[in-house]
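Reader: Please take me through the charged side-chain pairs of this structure, and set each label against its definition.

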Amino acid sequence: MNMSAAMTETEVLRVKLEVLRREHRDLDEAIHALEARGPAADVLTIRRLKKQKLGLKDRIAQLEDRLTPDIIA
């Protein structure tokens, strides 16, 4: 793989990472808004959104690991 191809892949990963982070923030805001309703909150929807948010967190961590160079101690 030449250097320009590696840079392109890195940039693609950075864009994907930013999109996932934005989705994670949006889910967080949606969860807080639903929880603010108090007893009228849809518990199943909140649970589903939290599970989705956790999945995004895992995908974000995987991309961050791919973007972070390995450091040999």
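Predicted model: local features only at pLDDT ≥ 70, side-chain atom pairs only at ≥ 80, totals over all residues.

Author: Residues are numbered from 1 along each chain as its sequence is written, and side-chain values use heavy atoms, with hydrogens and water left out.

Reader: Why is the contact of K50 with E35 called a salt bridge?

Author: The term asks for a side-chain nitrogen of Lys or Arg within 4 Å of a carboxyl oxygen of Asp or Glu; the closest N and O atoms of K50 and E35 are 3.1 Å apart, and the pair is therefore a salt bridge. K50 lies in helix 2 and E35 in helix 1, 15 residues apart, where helices are DSSP runs of H or I with at least four residues, numbered from the N terminus.

Reader: What makes R66 exposed or buried?

Author: R66 has 54% relative accessibility, so it counts as exposed. Its side chain meets that of E9 in a salt bridge, at 3.4 Å from N to O. Because R66 belongs to helix 2 (residues 43-67) and E9 to helix 1 (residues 3-35), this pair ties together parts that are 57 residues apart in sequence.

Definitions and conventions
Helix = DSSP H or I, 4+ residues; strand = E, 2+ residues; numbered from the N terminus. Buried < 20%, exposed > 50% of the residue type's maximum accessible area, 1.4 Å probe, protein only.
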